[in-house]
Amino acid sequence: MAAPRGALPAATREAVLRSCGATSGLMLLAGTLARGQAWPTGAGTAETAVLHLGVAVGAAASVTAARSVLLQKNRAFRDATDRSNAQVLPPVAQNPCEVAFVCLAPAAGEEMLFRNALVPAIAWDWRGVVIAGSVFGALHLTGGRNFTFAAWAAAVGCAYGAALLVTGDGNVPIVAHAIANAASAYMWIQEHPEDVRNYHHENSMQERKYKNEVNPNVADGTGEDQTAKDPPFEPLDPQGLQNKRSRRTK
């Protein structure tokens, strides 16, 4: 599959994990400090917990279905999605734990800040949901994304905010967002196997080139100095060689 128009520079695995962890951690901390209240979890019965989980799963399923349709119908949204995912997902695609991290960490940080802190700070009703969702969408104009993607993010933010209002449970938007992220990541990786393979092939070639530049004797890509495998050099013994010749002529 051809690269999306205006593709972003490739990122290393370490850069993806570091950026994701740092950004999500800061948002999580800022949301926690800004809220300054007890964490909203709704009623504490098992039945309510199951109901809230159902709301989260339903919200995630709705977001996933809508995203799938929009990816098929809107080229601008598809390009923006591909640009962002092509930079973040290939470096971690071969490690399920790292894929889970880049899905869960942003969900926790963004929902803590925008839904659990910003919505109640503005108004615990539809006004808070819409304003917080709009701010959330506007911040998605970076990273190779566009106005179509920002409008989508705003709508999704409002959906997560509505789930918060309906349940009164701050965990619901986090779970919904994480599930939707995971579904999106899984589908993109499955649909772009060549992007993942190409990334790791190019990364492997760059590592081999670097090793060869650091140590020209490393020619097989194993990282081992080939000179270390060669037998040690022994100076020629003329007398010993003469004795061997004499024995052969007898």
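**View 1. Three aromatic pairs turn up in this predicted model.** Here a pair means rings of Phe, Tyr or Trp (its six-membered ring) with centres within 6.5 Å; planes under 30 degrees apart are stacked, over 60 edge-to-face, and the rest tilted. Phe77 and Phe149 are stacked, since their ring centres sit 5.5 Å apart with the planes at 20°. Phe77 belongs to helix α3 and Phe149 to helix α6, so this pair ties together parts 72 residues apart in sequence. (Helices are DSSP runs of H or I, at least four residues, numbered from the N terminus.)

View 2. Buried means under 20% relative accessible area, exposed over 50%, partly exposed in between (1.4 Å probe, protein chains only). Trp152 is buried, with a relative accessible area of 12%.

**View 3. Arg115 puts its charged end over the ring of Phe136.** The distance to the ring centre is 4.5 Å. To count, NZ of Lys or CZ of Arg must be within 6 Å of the ring centre and within 35 degrees of the ring normal.

**View 4. No disulfides here: the structure holds zero.** A disulfide would be a pair of cysteine sulfur atoms within 2.5 Å. Cys97 is exposed at 63% relative accessible area, while Cys158 is partly exposed at 23%.

**Notes for all views.** Residues are numbered from 1 along each chain as its sequence is written, and side-chain values use heavy atoms, leaving out hydrogens and water. Local features need pLDDT of at least 70, side-chain atom pairs count only at pLDDT 80 or more, and totals for chains, interfaces and linings use all residues.

Notes:
Helix = DSSP H or I, 4+ residues; strand = E, 2+ residues; numbered from the N terminus.
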